[in-house]
Each structure stands twice: as structure tokens, then as C-alpha cells.
Amino acid sequence: MKTGGPVIDVVKQSARVAVVAAQWHHQIMDGLIAGAVRAAEEAEVEVELFRVPGSFELPVVAQAAAAQFDAVVALGVVIRGETPHFDYVCSAVTDGLNHVSLDARVPVGFGLLTCDTEQQAIDRAGGPGASEDKGHEAMTAALNTLAVLKNM
């Protein structure tokens, strides 16, 4: 039996990845995008950035990108407010991106931050002083999944 984990080297210099990113919350989005681009550069893959108005619009553009790219990374942020809007948007985006990945059989890196406060999102966005780098993680996850699929 052949075993082994993902090897990003399989996708180096041959993969094209679409990054689909929301425009709301500039500081947070700038950090997420920078992390995703840095991960792509480390893996030596080509990236093209597409901006959408908000997180709710991520799935439709991710679906279009999945038809043209080897992988898609979706980046956005939804911050809880005083209405159920947060729950509806988070659920719709998550379900939509899952459908894109399964229907297109293309890896979709999930970089949607769903936070209670803006500070929580800043802490996860990968900027200066951040404790996490979810943009980098989403790109790495998409590339590792692409490597697994290419190795099958």
C-alpha cells in the first residue's frame, strides 16, 4: 500500500490558484490576502486575485474560478452584530463554498473568519502582532489538498 502525506512539490510551478477575497474590513482583508499570497509564493504557484463586495458573494465567484483554476482560496470576514445576519451569512457562505468544492472537484481553501469582535478577526488575519495567519493556512490547505488529488 502506498502511503504518504501531501507534497506541495507536486504542484510547484504548475498550479494556478484563484484567490477570491471580500472587500469589507480592509485591515483584516489585507492581512488575509498577504498571508495567502505569501504561501503561494513559498510554494511557487501562480495566483490571481479577484475581489468581491462582501463575504456573501464569495461562493458565486469561487464557483466561476473553480472552472478555470486548479484551486481556489476564499477569504472573507463576518463579525457578529446585533442581528441574526451573522448566522445567515456564515451559514450561506460555508455551505456555498463546500458545494463549490464538491461539485467542481476543486480544492477550496476556507479563509472565512467568523468572529465575535473585530479584534478577534485582526488577531487571526496574519498582520503585525497577530496570533494566527488564516490566509496563509487557507492557501496551504488548498495546495496540500491539490497535491493529494494530483497524487491519486
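**Figure 1. L143 in helix α5 of the predicted model.** L143 is a residue of helix α5, shown here in a model that is predicted. Its relative accessibility is 1%, and L143 therefore counts as buried. The view also includes V73, which stands 70 residues from L143 along the chain; the C-alpha atoms of the two residues are 9.4 Å apart.

**Figure 2. The largest nonpolar core and the contacts of L75.** This core consists of 28 residues, and I28, V73, L75 and M139 have the most contacts inside it. At least two of its residues come from each of β1 (16-22), α1 (26-43), β3, β4 (108-115), α4 and α5. Helix α1 gives the largest share, with eight residues. When neighbours within four places in sequence are left aside, L75 touches V19, V20, A21, A22, M29, L32, I33, A36, L58, G111, G135 and A138.

**Figure 3. The largest pocket and its lining.** The volume of the largest pocket is about 250 Å³. Its lining is formed by 14 residues, of which W24, V77, V78, H85 and V89 are the closest to the pocket centre. Strand β3 (71-79) and helix α3 (85-104) each contribute at least two residues to the lining. By residue class, the lining holds seven nonpolar residues, six polar residues and one charged residue.

**Figure 4. Positions annotated as "binding site" in UniProt.** An unreviewed UniProt entry assigns this feature to W24, S55, F56, E57, V77, V78, I79 and F110. Of these residues, W24, S55, F56, V77, V78 and I79 are included in the lining of the largest pocket. The next two legends describe individual annotated positions.

**Figure 5. S55 and F56 in the loop between β2 and α2.** S55 is located in the loop between β2 and α2, and F56 belongs to the loop between β2 (46-52) and α2 (58-66). The relative accessible area of S55 is 7%, under the 20% limit, so S55 is buried. F56, by contrast, has a relative accessibility of 52%; this value is over 50%, and F56 therefore counts as exposed. Apart from neighbours within four places in sequence, S55 makes contact with A22, G76, V77, V78, V93 and L112. With neighbours within four places again left aside, the contacts of F56 are V89, A92 and V93.

**Figure 6. V77 in strand β3.** V77 forms part of strand β3. Because its relative accessibility is 6%, V77 counts as buried. Beyond its neighbours within four places in sequence, V77 is in contact with W24, H25, I28, M29, S55, L112, L113 and A121. V77 is also one of the residues closest to the centre of the largest pocket.

Figure 7. The unreviewed UniProt entry gives H85 the feature "active site". H85 is situated in helix α3. With a relative accessible area of 53%, H85 is exposed. H85 is also among the residues closest to the centre of the largest pocket.

**Figure 8. D133 in the loop between α4 and α5.** D133 is placed in the loop that runs between α4 (118-124) and α5 (134-151). Its relative accessibility is 15%, and D133 accordingly counts as buried.

Figure 9. Most residues other than glycine have a negative phi. E44, in the loop between α1 and β2, has a positive phi near 60 degrees. R105, in the loop between α3 and β4, likewise has a positive phi, near 55 degrees. E44 is partly exposed, its relative accessible area being 37%. R105, at a relative accessible area of 74%, is exposed.

Terms used: Residues numbered from 1 in each chain as written. Predicted model: local features only at pLDDT ≥ 70, side-chain atom pairs only at ≥ 80, totals over all residues. Heavy atoms only, no water. 1 Å grid on protein atoms, 1.4 Å probe; cavity = no way out; pocket = protein on both sides within 12 Å on 5 of 7 lines; lining within 4 Å. Points joined across faces, edges and corners; volume = space filled by probe spheres on them. Helix = DSSP H or I, 4+ residues; strand = E, 2+ residues; numbered from the N terminus. Nonpolar A, V, L, I, M, F, W, Y, C, P; charged D, E, K, R; others polar. UniProt positions renumbered as here; feature names shortened; annotations may be inferred. Buried < 20%, exposed > 50% of the residue type's maximum accessible area, 1.4 Å probe, protein only. Contact = heavy atoms within 4.5 Å. Core = buried A, V, L, I, M, F, W, Y, C linked by side-chain atoms within 4.5 Å.
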